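Here are my comments on the model you sent. Please read them with the coordinates open.

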Amino acid sequence: MGAHFRGPSALLSLPAALPHRRRAIRSAALQIDPIEKKPLNHFLPGTRVFSLGTAGCNMGCFFCQNWDISKSKADQVRSTHISPEDIVALAIRYGCPSIAFTYNEPTIWGEYVIDICHAAREAGISTVMVTNGYVTREAFHDIYDHVDAANVDLKAFTEGFYGRVTLTHLQPVLDTLTWLQQETNVWFEITNLIIPTLNDDPREIRLLSDWILEHLGPDVPLHFTAFHPDFKLRDKPNTPPETLHAARRIALETGLHYVYEGNIHTSAAHTSCPSCGQILIRRSWHDVLQNSLRDGACPSCGLKIPGRWKISESPSSALSQDADKFADTFGALNL
Ligand code: SF4
């Protein structure tokens, strides 16, 4: 997944007896992140996102940075039951206008995702899938008809990489991206983690960028992010910043409008107007330093910048009160 869990130290010390309301599964990781960490740069910039994950995954990535939970079964990680309504109450309590399903693959706990989405929508809270995009046609709409945004990993652009390094296949991920574009209103962005010698060939970057332009259009943001050695892939070096710069140049030359670099300190974290070049959102790492957008448009030339820029509704007062009521119960959370 694009957003990484901090590791065991971030596992929360949850109270043993949470108020239980209805169906819940065991959450193994809870954290509050900047939305830019997912990464999403065109979705409620500068806000916090209540992030949760469980155990397991439907891919077998050798470079997984969350392998301690993604390679575990539910009974092998410290976890707790939290109902969908309590997840929403916690998000409100901690000032998060959105909830992200992340750290491991949320498709495998899709029922829980859907239940949380229903509760979140009632409360005016948005929802985000941080996903590998490996989902069947049958399950796709069951999940994506309910979420507001997604970041999809496009881990490489060769079947060989997907087969050897993730133990899965490329085409289903491309299908998911196409369905997202053609059949939903989900705001989505793409992450490509570049690993030296495995998927950093400029020709592959060009093919990937060409495919995005042709099938999804120029306005889907693309994030090139830096690898660091982890799990079973410790024999590869960190991705040099120059590799990300080169990949970004290729994608921009191809015609993509919003191309970012991640996991390094870079000026390519800013959002710029593709028409006049003005910097619209200035970032440092995951922090938004300045947002100059005016009603979602460039203040200089007026170009509408695609994205979801406004928090749609304030959380329902009933749920806010509910969250306050449980403040003591959730006070043990180190969020
Ligand atoms: S998709 Fe790959 S990187 Fe993401 S959690 Fe699963 S195994 Fe890890």
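1. Basis. This is a predicted model: local features need pLDDT of at least 70, side-chain atom pairs count only at pLDDT 80 or more, and totals for chains, interfaces and linings use all residues. Numbering starts from 1 along each chain as its sequence is written. Helices (H or I, at least four residues) and strands (E, at least two) are DSSP runs, numbered from the N terminus.

2. An open sheet of 8 strands has the order β2-β3-β5-β6-β7-β8-β9-β10, with mixed pairing. Pairing requires at least two DSSP bridges between two strands. From one strand to the next the twist averages 25 degrees. Within the sheet, β8 (residues 187-194) and β9 (residues 222-226) pair in the parallel sense over 5 bridges. Ile-194 stands opposite Ala-226 of β9.

3. Hairpins. Strands β11 (residues 271-272) and β12 (residues 279-284) run antiparallel, joined by 2 bridges. Thr-271 faces Ile-281 of β12 there. This hairpin has 6 residues between the strands, and Gly-277 takes a positive phi near 90 degrees. Strand β12 is also joined to β13 (residues 287-291), antiparallel, by 4 bridges. Ser-284 has Asp-287 of β13 as its bridge partner. Here 2 residues lie between the strands, and Trp-285 has a positive phi near 55 degrees.

4. Helix pair. The axes of α3 (residues 110-123) and α4 (residues 137-144) come within 9 Å and cross at roughly 25 degrees. Axes are lines fitted to C-alpha atoms, for helices over the stretch in contact; angles run from 0 to 180 degrees between N-to-C directions. The two helices are therefore roughly parallel (angles under 35 degrees). Gly-110, Val-113 and Ile-114 of α3 meet Ala-139, Asp-142 and Ile-143 of α4; contact means C-beta atoms, placed from the backbone, within 7 Å. These residues divide into 4 nonpolar, 1 polar and 1 charged. Ala, Val, Leu, Ile, Met, Phe, Trp, Tyr, Cys and Pro count as nonpolar, Asp, Glu, Lys and Arg as charged, and the others, Gly among them, as polar.

5. Asp-33. Where does Asp-33 sit? Its place is in β2 (residues 29-34). Asp-33 is buried, with 20 other C-beta atoms within 10 Å; the cut-off for buried is 20 or more. Its C-alpha atom is separated by 5.4 Å from that of Val-49, 16 residues apart along the chain.

6. Ligand shell. Of the 11 residues around the ligand, Cys-57, Met-59, Cys-61, Cys-64 and Ser-70 come nearest. A residue counts as near if its C-beta atom, placed from the backbone, lies within 6 Å. By class, the shell has 5 nonpolar, 5 polar and 1 charged residues.

Conventions: Angles under 35 degrees count as roughly parallel, over 145 as roughly antiparallel, 65 to 115 as roughly perpendicular and the rest as oblique. Two residues are in contact if their C-beta atoms, placed from the backbone, lie within 7 Å. A residue is buried if 20 or more other C-beta atoms lie within 10 Å of its own, exposed if 12 or fewer, and partly exposed in between; C-beta atoms are placed from the backbone.
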